[in-house]
Amino acid sequence: MQHLVDDEIDLRQLWRTLMRNKWGIFGFAFVVTVLTTLVVFSMRPVYQATATLMFEGKKANVVSIEQVYGLDSSGSEYLLTQLEILKSRNIAEKVVTKLALQEHPEFNQEPAFSFNWRDMLPFSLPGNNTPKELSEQDKLNRFVEEFQSRLKINPVGKTLLVQISFQANSPQLAADVANAMGQTYIESNLDAKLEVTVQASTWLSERLEGIQAGKKAAEQELQNFLDTENLVGDEGGATIANKQLDLVANKLIEARGDRLELENLYRQIQGAKGSIAQYELVPGVLQDPTVQDYKRKLLEIELKSSELAKRYGPKHPTLIGVQSELNRVRSSLDKQILSVINGIKNDYLGARASENSLEGTMANSRVSIQDIQRKEFRRKELKQEVDAKTAIYDTFLQRFNETNATDDLNTGNARVVDPAVVPGDPVKPNKKLIILLAFMLSAMAGVGFSLLLAALNNTVQTAEDVENKLASSILGILPLLKITKKNPHPSYHEFLDDVQSSFAESVRTIRTGVVLSGLDNPHKIIAVTSTVPGEGKTSVALNMAFGLAQMEKVLLIGADMRRPSLAKALGLDASAPGLSNLVAGTSSLEDCIQHHASSNIDVITAGLIPPNPLELLSSNRFATVLETLGAKYDRILIDTAPTQAVSDALVLAPKVGAMIYVVKADSTSYLQAKAGLKRLREINAPLIGVVLNQVNTRKVSKYYGGDYGGYYDNYGYTAASQNAA
């Protein structure tokens with residue numbers, strides 16, 4: 001049960017600790033706050049300006065942006081890609097160069113504080129201590145990194161908006177950089193589009209050269225075949241050389257040739273499946289003069305429309321008129337194409353009917369016709385190859401012209417919807433918040449440090465500590481007296497100088513406790529010891545002798561023969577014979593006893609310091625001396641050595657009737673004191689209690705008044721009782 005109680009957190013004890021150190025905590029917090037205030041008010045204000053940019057996903061009208069870039073501008077991947085491009089080092093470097101920020105005064109300030117720990121050393125470290133000279137590119141890289149550290153780019157929720165913020169000491173610079181970032185990104189995007197367009201044009205141009213060469217080779221092969229076979233005519237008519245054909249054969253050949261030519265065109269028409277665009281590619285349609293006139297006029301109007309679109313908006317009357325004319329010409333062209341297609345169909349049907357009528361005459365000229373058909377078939381193959389390569393060439397040529405002439409690539413994919421304005425108030429430092437946090441954190445640090453010191457404090461401070469930590473009863477408390485240069489040991493004579501003082505009252509309280517502890521069997525011989533030197537055992541022995549001498553005949557013996565101080569404390573002759581002389585038998589009892597008139601006590605000092613004090617105190621002669629002295633005095637007090645220093649007190653314990661253990665408050669480790677008490681208890685020493693010496697009663701009463709104020713008041717320890725006395 002006691003263990004559980006010890007493990008509980010005593011909130012009252014924590015509060016007392018804080019109250020005991022409140023001025024130190026407040027002083028530390030005040031100093032830190034003042035220093036923080038000085039630092040904060042010496043800092044330059046930082047302003048932040050923000051520009052809002054909106055991405056615009058847009059598809060091209062003539063050549064799709066996906067074909068040029070390979071990106072889908074409608075997807076989230078595209079937006080994330082553009083966001084990363086906006087954050088890229090390339091854009092930041094362009095802004096730095098554009099605004100000449102490397103020459104700006106804000107970026108060329110000397111640091112307010114510079115520190116090099118190498119300069120503090122009294123010796124030089126091995127290696128190259130000279131800073132490495134940076135190249136211009138390295139300097140630019142570091143500058144851009146510093147620039148980007150001030151830059152913030154944040155998307156706005158699930159929108160196409162992004163906020164570009166920049167922080168600077170100059171509000172104008174912050175606004176200029178934020179706006180320049182958005183504008184530079186838009187310009188960079190246009191430059192990238194132009195570069196890709198140029199690359200596409202170059203590739204198409206190279207491909208056109210190869211396709212054109214193949215087209216010319218096919219046309220040359222067709223021409224060579226026609227020359228070799230003496231065939232003429234672009235529409236498939238052939239002149240059969242070196243052969244004599246009758247009129248029927250010639251007519252049949254012409255009819256078959258016409259039919260084959262028209263059949264090829266007819267098949268192309270059938271394959272077009274009613275598409276005007278496919279009809280337009282049929283050679284018969286392409287060669288129609290009216291179609292060619294319409295196409296030429298259509299091209300002129302398109303060029304005119306393209307030029308007007310660059311100057312006027314889409315709703316301009318001139319551009320609308322040109323667009324109407326363009327639609328009219330396109331409609332007329334479509335009608336003419338359909339007219340030519342119908343004519344080809346009718347011609348094909350007529351040619352096939354003519355061929356059927358001449359079938360009867362085929363027998364006489366079959367050999368010649370077969371030969372002509374073979375040549376015509378070869379000619380058609382060559383002609384089809386020429387037409388196919390021509391179509392491919394025309395397709396690439398059209399795409400090349402479209403890529404060069406497209407105008408939608410000149411529009412940006414983003415725009416600034418909310419330009420940055422010059423900020424009026426800085427965003428940092430937040431002086432009030434920093435100062436408040438500095439005060440709070442420093443106060444918390446002071447509280448923590450106080451609690452840490454309290455936790456690390458293993459001394460005995462109060463009567464409760466004596467009972468809990470030392471497991472001993474408290475015999476009394478002696479208050480701390482003020483020490484001066486003229487009076488380094490005020491406790492030696494305070495009892496005699498001021499019998500009404502709190503110190504004198506404390507001595508009388510201890511005296512009462514000693515008397516009451518041996519009411520039925522009075523303690524004739526009382527030893528006073530402590531844990532370590534300097535705890536005031538000699539002072540306690542003196543004042544106990546003074547107090548008891550008011551009622552009894554008292555003898556005070558100085559048994560601490562290693563560090564004797566009794567003679568000096570009482571102003572007696574230190575060279576006079578003492579205890580060592582008496583036990584050794586070299587001096588008589590009368591010679592060894594000195595009388596202290598002020599207190600009316602007899603004193604036996606340590607005398608000549610022997611080489612073996614422990615053997616002297618443990619000898620039978622010493623026991624005999626005590627027995628002899630006990631017959632002459634009512635009370636004998638012995639000032640003996642500390643328990644942790646030597647074993648004198650352990651040897652002396654069996655020879656005395658009581659022992660008083662002195663502990664210096666707020667000084668002696670309770671572990672040491674506990675160990676000293678344990679040694680005495682192991683030999684069954686007659687301990688009657690502990691005297692807590694040099695207690696700062698004013699401090700203890702102030703911070704422990706709730707528990708100890710009444711206790712100290714009862715015995716005259718507090719300031720109030722002192723004033724009353």
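Student: How many aromatic pairs does a search of the whole structure find?

Tutor: This is a predicted model, in which local features need pLDDT of at least 70 and side-chain atom pairs count only at pLDDT 80 or more, while totals for chains, interfaces and linings use all residues. Residues are numbered from 1 along each chain as its sequence is written, and side-chain values use heavy atoms, with hydrogens and water left out. Rings of Phe, Tyr and Trp (its six-membered ring) pair if their centres lie within 6.5 Å, and their planes count as stacked under 30 degrees apart, edge-to-face over 60 and tilted for the rest. Searched on that basis, the whole structure gives a total of five aromatic pairs.

Student: What is the arrangement of the pair formed by F26 and F30?

Tutor: F26 and F30 are four residues apart in helix α3, which means that about one helical turn separates them; helices (H or I, at least four residues) and strands (E, at least two) are DSSP runs, numbered from the N terminus. The ring centres of F26 and F30 are 6.4 Å apart, with 25° between the planes, and the pair is therefore classed as stacked.

Student: Is F495, which pairs with F546, buried or exposed?

Tutor: The F495 and F546 rings are stacked at 6.5 Å centre to centre, with 25° between the planes, and they link distant parts of the chain, with F495 in helix α17 and F546 in helix α19, 51 residues apart. Buried means under 20% relative accessible area, exposed over 50% and partly exposed in between, using a 1.4 Å probe and protein chains only. F546 has a relative accessible area of 2% and is buried; F495, at 1% relative accessibility, likewise counts as buried.

Student: Which helices do the buried residues of α3 pack against?

Tutor: The buried residues of α3 are I25, A29, T33, T36 and V40. Seen down the axis, they fall within an arc of 70° (taken from the directions from the helix axis to the C-beta atoms), so they line one face of the helix. With contact meaning heavy atoms within 4.5 Å, these buried residues pack against α2 and α15.

Student: Which strands form the edges of the open sheet of eight strands?

Tutor: The sheet has mixed pairing and the order β5-β12-β11-β6-β10-β7-β9-β8, where two strands pair if DSSP finds at least two bridges between them. An edge strand pairs on one side only, and the two that do so here are β5 and β8.
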